[in-house]
Amino acid sequence: MPNSASTSDKFDNVANIYNGPIFQLYYFLAHSACINYLKPYLKDNQSILDIACGTGIFLKKILKQKEGLKLAGIDNSKKMISVARLFGDKIDFREADAENSSFEKDSFDIVTIIDAIYYFPNKEAALSECKRVLRPGGYLFLFYPAIDIIPNFILDQIKLVSRSLFFNLEENSSIVNIKELEKLAGLSGLKLINKKMQTMHRFIIFKKI
Ligand SMILES: C[S@@+](CC[C@H](N)C(=O)[O-])C[C@H]1O[C@@H](n2cnc3c(N)ncnc32)[C@H](O)[C@@H]1O
């Protein structure tokens, strides 16, 4: 079971280098793929919340996609949010946990969780929070590496590399099983409407019914 306090400490420690090439080479491709997948759902003047937004880079990229977007991001790492806020006040960045975003119910047309769901200790509570802040008919978009299908011999190497960089996958994350996720989302009142797998990553869209 991931430990929230330990995970936010780890991200606090890398916040100052997070926007540099070690992390952003990966996110350059990942965020482009996410935006391409999300494009049919994006409209002018929508409100979008990015949960576990890190330093806010995905939101900064989304800002350019449509006119009049109202964007917000939350993250439970104080330092990641401090770096995000350096961008200025075009985006409402707040320090908050995925389970309790601090926003009013029915506030957003779209909620996104990019490369983060496996860090959440209580995924059901986080999905319920997504449903609470989405307006009826709104969309939740999830993107994450499909660790459950990566062969063990490759996974062992990923664990080794991440441990030597800064992270202990066993302590800070848990494997996200797609069936379990669909079940938890269903319990929260979210309906799966689209999913695809691309380069060992899952792209999933749920709708608040
Ligand atoms: C790998 S980073 C991804 C950041 C961002 N989504 C992006 O695409 O650049 C994962 C982020 O999840 C955040 N996080 C982990 N657990 C969280 C939780 N329970 N609530 C809020 N944020 C969390 C971390 O602090 C970190 O910034």
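Biologist: Which residues in helix 5 meet residues in helix 8?

Modeller: First, this is a predicted model, in which local features need pLDDT of at least 70, side-chain atom pairs count only at pLDDT 80 or more, and totals for chains, interfaces and linings use all residues. Residues are numbered from 1 along each chain as its sequence is written. Helices are DSSP runs (H or I, at least four residues), numbered from the N terminus. Two residues are in contact if their C-beta atoms, placed from the backbone, lie within 7 Å. Here K123, E124 and L127 of helix 5 meet L184, A185 and L187 of helix 8. By class, this contact has four nonpolar, no polar and two charged residues (Ala, Val, Leu, Ile, Met, Phe, Trp, Tyr, Cys and Pro count as nonpolar, Asp, Glu, Lys and Arg as charged, the others, Gly among them, as polar).

Biologist: Which residues of helix 5 are buried?

Modeller: A residue is buried if 20 or more other C-beta atoms, placed from the backbone, lie within 10 Å of its own. In helix 5 (residues 123–133), these are K123, A126, L127, E129, C130, K131 and V133.

Biologist: Which residues are closest to the ligand?

Modeller: A residue is counted if its C-beta atom, placed from the backbone, lies within 6 Å of the molecule. The ligand is surrounded by 21 residues, the closest being F11, A52, G54, S77 and A98. Helix 1 (4–14) and helix 3 (57–63) each supply at least two residues of this shell, and helix 1 gives the most, with four. By class, the shell has twelve nonpolar, six polar and three charged residues.

Definitions and conventions. A residue is buried if 20 or more other C-beta atoms lie within 10 Å of its own, exposed if 12 or fewer, and partly exposed in between; C-beta atoms are placed from the backbone.
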